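Q: Please walk me through this structure. Show me how to read its features.

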Amino acid sequence: MKSKKGILFILPGLSGVMVFYLIPFLDVAVRSFQKIDGKFCGFDNYQKVLENKAFHLAVENTIYFVLVCLPLLLVLSLLAAVILQRTGSLGKLCKSAYLIPLAVPAAGVVLLWKLIFDNHGMLNQLLLWLGQNTVDYMNTNASFYVLVFSYIWKNLGYTVVLWSAGLSVIPENIYEAAWVDGAGKLRTFLSITLPNLKQTAFTIVVISFLNSFKVFREAYLVAGNYPQQSIYMLQHLFNNWFRELDMDKMAAAAVLLFLVILIFVYMLHRSWEEEH
Amino acid sequence: MKKRKRNLAVLVILILIAGLTGCGTSSKEEETETTVQGRLVEEEVEMPQGMTNIFAMGKLEDGSIEIFGNDYNTGKNYIAISGKEGESWQVTELEDLNYSYISAASVAENGSVAIFGSFRQEDNSAKMALKIISPEKEITYLNYEFPDTDDSQLNQNMANIQKDLGKEEAETQIYNMNHGVEQCAYDSSGNLFIKDIQGNIYKMNISTGEMEKFCGFEQGELQYFAVEGKRLYAITQKGVSIYSTEDGSELPKDHVLIQMIKENPLTSWGYGCFEIAFTQKDDRNLVYVNHQGLFYHQEQGSISEQLLDANNSYLCDNTISFHGIESVGEAGYLVGIHMGETSKLLKYTYDENAEAVVKKQLNIYALEDSELLRQVVSKYRIQYPDVLVQVTIGMDGNSGITAEEAIRTLNTEIMAGKGPDVLVLDGMPVESYIQKGMLVDISPVLEKVEKEDGLFINIKEVYTKNGKAYSMPSRFLMEVVEGEEKAVTAASTLPELAAYAKKLAQGGNGGIFPEIGAKGILMELYQADSVNWLGEDGTIQEESLKNYLEAARTIYNVERFSAQGAYEEFYESFESVCEIGGTAQVYVVDRLTGWNQIAFGTLGSVSGYREMLSIEAKIGGINELWNTGEQKSFLPYLMMGIVSTTEKQQEAEDFLKIMFSKECGEISGCGFPVNRAAYNSQCDVLLSREDTAKETTSYTLGDGTEISYETLKLSKDNIKQLTSKIESLNEAVITDRVIQDFVLEEGMKYLKQEQSLEETVTEIMQKVNLYLAE
């Protein structure tokens with residue numbers, strides 16, 4: 001009886017997910033084995049995608065971006081969350097301030113980027129004033145770090161809130177017992193805080209991983225379809241394929257991307273379950 | 001329990017499937033819809049014999065229609081009176097009216113005609129006056145005076161004109177200026193209403209010539225007025241004011257008419273006709289015609305009823321204007337329109353067997369709007385009135401949508417099965433569409449046109465592979481260079497041209513190239529040179545790109561290109577370049593006026609070629625196709641294709657046939673037509689001008705000096721030379737918008753010294769290679 005009630009509760013959400021995500025994705029999966037005219041072509045599309053140099057570049061950049069951003073975000077946000085938890089009412093205020101970047105529209109962020117990182121932007125003006133050489137941030141490899149900065153800036157506050165939620169459910173008496181036993185701050189952090197945050201960490205890693213794909217929006221608005229090569233991401237490629245009506249390649253690449261995310265999440269889930 | 005779960009799961013799936021299938025449109029429902037029949041249908045009726053132009057038309061007391069007009073070629077004037085159904089014209093040739101031009105005319109209900117214009121006097125001067133033609137065709141000459149002429153303005157005019165002319169001539173000119181009439185119209189009581197050039201309306205007593213001011217507007221505010229029965233409709237930029245012609249009182253505002261004018265503001269007028277015309281059914285009901293269609297409107301009513309949608313008729317052609325509309329028979333209308341250089345009569349009658357709503361719809365998509373495309377669409381609509389044509393413009397200029405965004409939206413529609421039937425492929429990823437099988441082979445259409453009229457085979461061959469053609473431009477332009485022989489010879493390669501320009505600049509002989517700014521230079525050079533950039537592997541050769549950029553920079557630097565050029569704005573839109581039929585003829589004029597020594601640009605018309613030769617005859621020089629390599633390139637325009645998913649292939653093919661036809665090729669506009677017969681016809685028109693009087697074109701320079709040149713009479717040899725140039729074209733320039741954008745965007749930075757040559761080339765090559773790798 002209880003399970004029947006549960007199904008009724010998830011039915012609206014499930015319907016939405018099926019109609020807008022799962023069923024269209026099934027269609028994409030079918031198309032990945034077809035030419036654009038609907039004729040079956042086996043794994044030709046996958047072969048084309050895997051041999052595509054632009055795909056290689058986009059995958060490399062995306063992986064590199066995830067490898068740099070994810071640990072950086074997790075560490076910085078956890079540190080911030082721990083510090084904020086110990087700063088009382090000021091911490092609460094700061095937590096709200098951290099969420100502001102999420103509320104700033106992408107177009108506004110882009111305008112700010114241009115003002116700061118343009119060849120004649122504020123940062124270069126500052127460098128000139130300091131007697132240094134200017135850097136063309138958006139047309140050199142420096143653009144990658146601008147993108148990393150943007151991702152961290154935008155997602156830090158949200159991740160801090162998630163960590164804070166995890167921190168708030170750790171019972172205070174465990175810390176008190178540890179302090180009575182003579183444990184220091186570092187020991188309690190390593191032996192109490194971190195182990196108790198594993199469940200939260202799983203959620204945060206998955207969410208941050210998925211969010212790392214959304215950084216394309218800012219990169220696209222600043223540098224268009226063909227940005228500096230180091231910030232040419234998978235979404236740029238998908239976007240350009242769509243313009244050229246390369247639906248077959250897009251479908252195959254989307255399935256590959258889905259599989260990679262699925263495997264990543266599965267492995268993460270397995271490793272978390274094994275520890276429990 | 002398990003069974004229950006399974007049942008529930010099945011239920012969920014069924015609900016989802018039902019929801020999904022419910023999203024689609026029910027085609028069966030559409031099929032079973034009852035066909036509603038009966039609507040107004042358009043038919044072109046013959047103009048009264050001998051008449052090519054209408055000056056005025058009106059309905060007489062007995063219901064017949066009277067037209068006053070002339071023959072454009074002979075100058076003879078006629079009055080034609082129809083039967084009650086607007087048919088069987090009885091034409092009377094009038095005695096010589098002796099006018100130099102007619103500025104306004106109107107037909108009264110009793111059949112008399114009022115004509116305002118500049119009439120020749122005995123002393124050979126021409127003076128503004130009024131001539132009245134009575135129903136018996138007797139002509140009365142009448143001088144008139146506006147009652148409240150502003151003396152201060154008159155004195156000012158006198159002072160200005162006397163500076164340049166003799167006193168007597170100045171007086172005549174001032175008289176004409178102060179007696180100018182832009183429009184006139186009779187009411188049903190025979191009163192004549194006149195609009196002067198200041199925008200005032202006067203009421204005239206026809207028997208005495210006396211006038212009284214009827215109503216006044218700020219100068220330029222009143223655009224047009226119509227008199228129907230005892231109502232005067234004054235149309236301004238703000239809407240419509242309605243007056244009683246009997247006592248001059250302003251009647252209550254008609255908000256529906258005001259809104260209609262606000263939505264369709266009058267933008268231009270000429271030849272005594274406007275973008276709207278009215279006719280009264282009775283005191284409170286009127287019918288009007290505009291580019292949206294034919295409408296019935298009740299005074300103070302809450303809505304105007306559309307009697308005919310312009311989409312299926314001549315009316316949608318924005319280049320036409322209206323002489324007038326009169327009701328004929330029980331439910332018919334006769335509309336006089338001005339189209340090109342002549343007038344036409346269109347009759348709208350109710351056909352009870354015609355389908356009330358046109359069901360077949362042909363969708364045409366273009367990224368950018370084109371006047372030429374609109375004109376072809378009008379011709380198609382007239383030939384196929386049972387097909388509704390919908391033209392969608394991806395970048396309409398108001399929404400700020402980029403080409404990329406527009407193409408993505410188009411692709412979404414195509415993938416959803418809601419795409420257009422015909423594509424104007426300019427600026428679109430044509431090769432990609434062909435590879436994906438999105439376009440139909442149009443070679444059967446081209447073969448038919450070729451059989452009937454002939455095509456430029458060299459252009460067709462560029463688009464034909466293995467006997468199939470999936471796209472084909474209906475027009476094309478070619479890049480030419482013009483100037484002294486040395487300059488034209490130097491332009492054979494870009495480095496040589498750059499070196500020559502440097503040498504000229506050192507000599508300090510003034511302007512060298514057209515003042516077209518960085519983007520203009522890059523664009524013109526791109527059109528001349530890009531055809532040679534592609535290597536055998538389909539990638540761009542770095543060395544060629546370097547040469548191009550270096551030459552562009554040198555040309556940009558040799559003198560004044562750092563300033564915003566006079567023609568720089570042209571390059572914001574390819575369309576604007578095309579609207580002037582190519583850029584070369586403009587820059588050649590600049591060579592005449594001494595602005596530059598070398599002219600280059602696109603040539604897209606026989607008349608443009610004639611202008612070029614005329615200027616060369618005056619100041620010397622030669623012209624050549626401007627190609628910096630082995631390939632002779634052209635710039636395609638209005639590239640047509642049919643979408644493979646279309647269900648209206650026949651209609652789409654019919655449209656393409658019209659697009660490539662001789663008739664549409666003859667429309668003056670951008671580019672040479674690929675239709676050979678149309679090209680020959682354009683040439684023949686100019687060849688036959690040998691009999692006509694010589695034309696002279698003059699330009700006044702900033703210092704007051706006047707430079708003029710005589711328009712050359714084209715010879716058969718001239719045409720032969722032009723044709724051989726066209727026939728030598730063998731490749732289209734790189735029209736891929738993505739590559740062109742890379743080159744122009746990065747090239748601009750290089751020309752404006754924001755980055756080095758190496759950086760620019762690396763940036764372009766990286767982007768191009770990435771694009772090609774995708």
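Q: How many residues lie between β12(B) and β13(B) in their hairpin?
A: Six residues lie between β12(B) and β13(B), and Gly209(B) in the turn has a positive phi of about 85 degrees. This is a predicted model, where local features need pLDDT of at least 70, side-chain atom pairs count only at pLDDT 80 or more, and totals for chains, interfaces and linings use all residues. Residues are numbered from 1 along each chain as its sequence is written, with chains lettered from A and ligands numbered from 1 in the order in which they are written.

Q: In which sense do β12(B) and β13(B) pair?
A: Two strands pair if DSSP finds at least two bridges between them. Strands are DSSP runs of E, at least two residues; helices are runs of H or I, at least four; both are numbered from the N terminus. Here β12(B) (residues 201-204) and β13(B) (residues 211-215) are antiparallel over four bridges. Tyr202(B) has Lys213(B) as its bridge partner.

Q: How do I read two packed helices?
A: Use the angle between their axes and the distance between the axes. Axes are lines fitted to C-alpha atoms, for helices over the stretch in contact, and angles run from 0 to 180 degrees between N-to-C directions. Helix α5(A) (residues 106-117) and helix α11(A) (residues 216-223) have axes that come within 9 Å and cross at roughly 55 degrees. So α5(A) is oblique to α11(A) (under 35 degrees is roughly parallel, over 145 roughly antiparallel, 65 to 115 roughly perpendicular, the rest oblique).

Q: Which residues of α11(A) make the contact?
A: Arg217(A), Glu218(A), Leu221(A) and Val222(A) do, and among their partners in α5(A) is Trp113(A). Contact requires C-beta atoms, placed from the backbone, within 7 Å.

How values were computed. Contact = placed C-beta atoms within 7 Å.
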